[in-house]
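Subject: Structure for you to look over, with notes

Dear colleague,

Please find the structure below, followed by my notes on what was found in it. I would be glad if you read the two side by side.

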Amino acid sequence: MTEAMRRQKAASTGDPLAAWRRLAVREHISLVGLQSGRQDDFRTVVAAAALAFEEDDGYGEAEVKRRLQAWLADPGAMLSTDHAELRRMLVDTGLLVRDAFGRDYRRTSPPAAFVPVVTALSGVDLAHIAREEREAHSRERARRKAEWDARRSAAQAPATAEDARWMDVAIEMARESARRGEVPIGAIVVHAGQVIGRGGNAPVAASDPTAHAEIIALREAAAALRNYRLPGSTLYVTLEPCVMCAGALMHARVGRVVFGARDPKAGACGSVVDLFADARLNHHATVVRGVHAEACAALLSEFFAARRSAAA
């Protein structure tokens, strides 16, 4: 079990100190939100704030303000609140007692619901723990970002001679689409040195908005391998995949995506969005861009020029 897992388990079993460590690395926590939701977390936070005051000492309003502002600036930096709201919460929960004139504030024995929390947090340097947790969290985020950047750099591999050869096959598929009156986009799937899937753009003929060249090639490849997953395969396509096709490539676990021309209006490999570079998604193919880009773009330009001439 990792340290993070141990802390999460401890926090889930009602350990106030573990909860404090977990809360310390968060940002913009709403006190009202905690109060209406996670009561254990709410009690942990307000009890920690109450410990900024010595038990049974009296404090004027100015001193209460100063102490709470100092507390919010360091240990309580995870909160999205001000000293006035925090003071009201402390008074409402009974952790601070205020006289009738609002001039004297005291921390007395805590209400029964807060006794275990105050006991667990008393005598602990909560500011030090909060800083420690935030620094560890920052280091972990930096480490994960560095790993991700390294993977992304590796994913932007250069094209090979084989890539150029296979793109020629995809270009021929695009030409076939043009001869059928479809937008000239072609795709193939290569696995173990063999073409196992071919596709030409066909949404018009098929009356199917999903009949993009990539989707057709993926369907044929999956049927050839009798598996909807295609690890170790490379998809070659003459135009940068759209979001739909990029999603299908992820679900198929295609290892490499090689495309020709960029699509500045719908490209999902960097032109509009970059799904394969999104760390939140669980599969990241290696993307090779711009193989025979001019030839792929020329097919599209010539097709649409001809359409405009015919319509004139």
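To begin with a definition, a surface patch here is made of residues with over 30% relative accessible area and no salt bridge, where like charges are joined within 9 Å and nonpolar side chains (Val, Leu, Ile, Met, Phe, Trp, Tyr) within 5 Å. The accessible areas come from the Shrake-Rupley method with a 1.4 Å probe, and for residues only the protein chains shown count as cover. A salt bridge, in turn, is a side-chain nitrogen of Lys or Arg within 4 Å of a carboxyl oxygen of Asp or Glu.

Please keep in mind that this is a predicted model, in which local features need pLDDT of at least 70 and side-chain atom pairs count only at pLDDT 80 or more, while totals for chains, interfaces and linings use all residues. Residues are numbered from 1 along each chain as its sequence is written, and side-chain values use heavy atoms, with hydrogens and water left out.

The surface patch

Val243, Val272 and Val273 together make a nonpolar surface patch of about 220 Å². Of these, Val272 sits in the loop between strand S7 (256–261) and strand S8 (286–288), the helices (H or I, at least four residues) and strands (E, at least two) being DSSP runs numbered from the N terminus. With a relative accessible area of 46%, Val272 is partly exposed, on a scale where buried means under 20%, exposed means over 50%, and partly exposed lies in between (1.4 Å probe, protein chains only).

Helix H9

Helix H9 (residues 161–179) has 19 residues and reaches 28 Å from its first C-alpha to its last, which is close to the 27 Å expected at 1.5 Å a residue; the expected span is 1.5 Å times one less than the number of residues. The buried residues of H9 are Asp163, Trp166, Met167, Ala170, Ile171, Met173, Ala174 and Ser177. They cover an arc of only 165° around the axis, and therefore lie on the same side of H9, the arc being that of the directions from the helix axis to the C-beta atoms. These buried residues pack against strand S4 (186–191), strand S5 (194–200), strand S6 (234–239), S7, S8 and helix H13 (293–311), where contact means heavy atoms within 4.5 Å. The face turned away from the buried side carries the exposed residues Ala161 and Arg179. Glu162 also lies in H9 and, at 40% relative accessibility, counts as partly exposed. Just after the helix, Gly181 takes a positive phi of about 85°.

Salt bridges

A search of the whole structure finds 18 salt bridges. In one of them, Arg21 pairs with Glu132, the closest N and O atoms being 3.5 Å apart. Arg21 lies in helix H2 (residues 16–24) and Glu132 in helix H8 (residues 126–155), so this pair ties together parts that are 111 residues apart in sequence. Glu132 itself is partly exposed, with a relative accessible area of 37%.

Two further pairs each lie within one helix. Glu63 and Arg67 meet in a salt bridge at 2.8 Å, N to O, and, being four residues apart in helix H5 (residues 61–73), they are separated by about one helical turn. Glu140 forms a salt bridge with Arg143, with the closest N and O atoms 2.5 Å apart; these two are three residues apart in H8, and are likewise separated by about one helical turn. Salt bridges that share partners also join Arg21, Glu132 and Glu133 into one network.

Backbone and loops

Most residues other than glycine have a negative phi. Asp56, although not a glycine, has a positive phi of about 75°; it lies in the loop between helix H4 (39–50) and strand S1 (58–59) and is partly exposed at 49% relative accessibility. Ala192, in the loop between S4 and S5, has a positive phi near 50° and counts as exposed at 69% relative accessibility.
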